[in-house]
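Subject: Structure handover and notes

Dear colleague,

I am passing on the structure below, together with notes on what was found in it. Please read the notes with the model open beside them.

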Amino acid sequence: MFPRIQSINALEILDSRGNPTVRVNLRLDDGTVATASVPSGASTGENEAVELRDGDKKRYGGKGVLQAVANVNDIVAPALIGQDPRRQAQIDQLMIELDGTENKAKLGANAILGVSQAVARAAAQASGIPLYAYLGGSGAVHIPVPQMNVLNGGKHADSGMDFQEFMIFPLGAPSFAEALRYGAETFHALKKILSERGYATSVGDEGGFAPQVKSNDEACELIVAAIEAAGYRPGKDIAIALDLAASSFYENGKYRLTRSGQGDKSAAEMTALLRQWVEKYPIVSIEDGLAENDWEGFREHTAALGGKIQIVGDDNLVTNTKFIARAIEEKSCNAALIKLNQIGTVTETVAAIHLCRKAGWGYVISHRSGETEDSFMADFAVAMGGGQIKTGSACRSERIAKYNRLLEIERELGKAAVFGR
């Protein structure tokens with residue numbers, strides 16, 4: 001008989017920004033112990049599942065998660081004792097029903113996801129197989145290409161950039177280990193260039209540098225220079241991926257590029273600007289190029305650029321099959337960012353990915369700006385075979401933990417490993 005869930009308890013811990021988050025410890029009756037920690041985002045879509053916070057200003061400025069912890073210990077745990085951890089879909093559905101809201105506002109997505117991930121990890125451990133193989137089966141051999149954040153702007157850093165993430169995308173590498181090397185060498189080349197030009201080399205939430213550059217264009221120019229300085233070919237060995245997080249600078253129907261002094265722009269003008277960038281720089285992927293509710297703008301955006309590059313929806317899709325289905329129908333994107341904590345369970349995240357696959361879309365497994373050392377998403381990316389992962393820069397241990405786990409998986413798979421998007 002397969003071991004059953006014996007106990008579940010949660011704990012308030014800190015994430016990479018020093019804010020509280022939830023850790024769940026789950027024990028099976030054969031002694032197997034599994035742990036899962038939940039990340040937290042700064043740039044969030046308005047339709048994301050609710051991250052439950054206490055609101056008590058006397059503790060952590062209101063960001064405590066003691067209620068979410070109590071919900072795990074007092075409501076979820078008693079309902080799951082004795083369950084077979086292999087029944088992931090049924091367990092996730094039971095938690096959704098215990099919550100009873102459309103957006104997990106009662107128990108909190110942070111409470112539910114912690115349990116969901118711990119259940120999957122416990123089942124994998126009790127089965128004696130790696131998490132990626134448990135979730136993805138024998139075909140889970142695809143190691144993703146990393147989108148590595150090297151320049152931070154927007155809500156992630158106090159820098160001179162309106163746009164949130166400028167990433168290097170080592171598409172030309174023959175393996176993940178080499179892709180990571182390409183990225184790390186370019187990261188260090190960029191640091192040297194920034195220092196030589198008198199810019200600060202402090203880093204933002206996701207490990208990218210946060211210099212007070214003169215314009216958004218200069219950020220791209222710095223990255224191209226760093227790629228070349230590291231000995232690689234822009235667009236061949238290493239391309240550029242962007243996350244504009246446009247909702248963060250959208251106001252009263254205009255995209256306000258105030259940090260860079262580029263003024264106010266309409267959706268059409270933003271698309272025209274990005275078209276110029278795609279022609280000028282080796283950009284192959286743009287995420288959240290427009291605001292989350294600008295569906296008409298996104299349709300025109302994708303029609304104009306989607307034949308050349310990957311148009312990724314994040315804040316407008318929030319890993320939710322309802323919004324992904326709408327975007328597929330309206331041709332508003334051609335790829336989705338996938339974040340486990342946006343929707344709140346492993347099962348619902350898998351469903352979102354299946355919908356992307358059915359539509360022929362790309363999908364990028366992603367971290368959050370407030371991360372933990374938990375490497376669940378690395379195994380999950382391999383299990384889902386998406387070919388792309390976004391988990392930060394070549395520094396900060398909460399980011400490197402995911403990269404190091406992917407190195408382990410690639411070595412474990414050996415010649416069976418397939419790298420590339």
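I begin with a sheet of three strands, which is open, antiparallel in its pairing and ordered β8-β9-β10. Its edge strands are β8 (250-251) and β10 (263-265), each of which pairs on one side only. Strand β9 (residues 254-257) runs antiparallel to β10 and is joined to it by three bridges, with Arg 256 standing opposite Asp 264 in β10. Two strands are said to pair if DSSP finds at least two bridges between them, and helices (H or I, at least four residues) and strands (E, at least two) are DSSP runs numbered from the N terminus.

Before going further, please note that this is a predicted model, in which local features need pLDDT of at least 70 and side-chain atom pairs count only at pLDDT 80 or more, whereas totals for chains, interfaces and linings use all residues. Residues are numbered from 1 along each chain as its sequence is written, and side-chain values use heavy atoms, with hydrogens and water left out.

As for the whole, the secondary structure of the protein chain comes to 13 helices and 16 strands. Of the 421 residues, 59% count as buried (under 20% relative accessible area, with exposed meaning over 50% and partly exposed in between, for a 1.4 Å probe and protein chains only). Among contacts (heavy atoms within 4.5 Å) between residues at least 6 apart in sequence, 70% join residues at least 24 apart.

Leu 14 stands opposite Pro 20 in β2. Both strands also meet helix α1, whose buried residues pack against β1 (5-14), β2 (20-28), α2 (88-99) and α3 (109-127). The 15 residues of α1 (residues 66-80) should span 21 Å at 1.5 Å a residue, and the end C-alpha atoms are 20 Å apart, which agrees; the expected span is 1.5 Å times one less than the number of residues. Just after α1, Gly 82 takes a positive phi of about 90°.

Helix α6 is largely enclosed by the rest of the structure, because ten of its 14 residues are buried. What covers these buried residues includes β5 (145-152), β6 (165-169), α5 (176-196), β7 (239-243) and α7 (267-280). Gly 231, whose phi is positive and near 95°, follows α6.

Finally, Gln 388 lies in strand β15 (residues 388-390) and, at 3% relative accessibility, counts as buried. Leaving aside neighbours within four places in sequence, the residues in contact with Gln 388 include Pro 144, Phe 169, Tyr 363 and Arg 421.

Best regards
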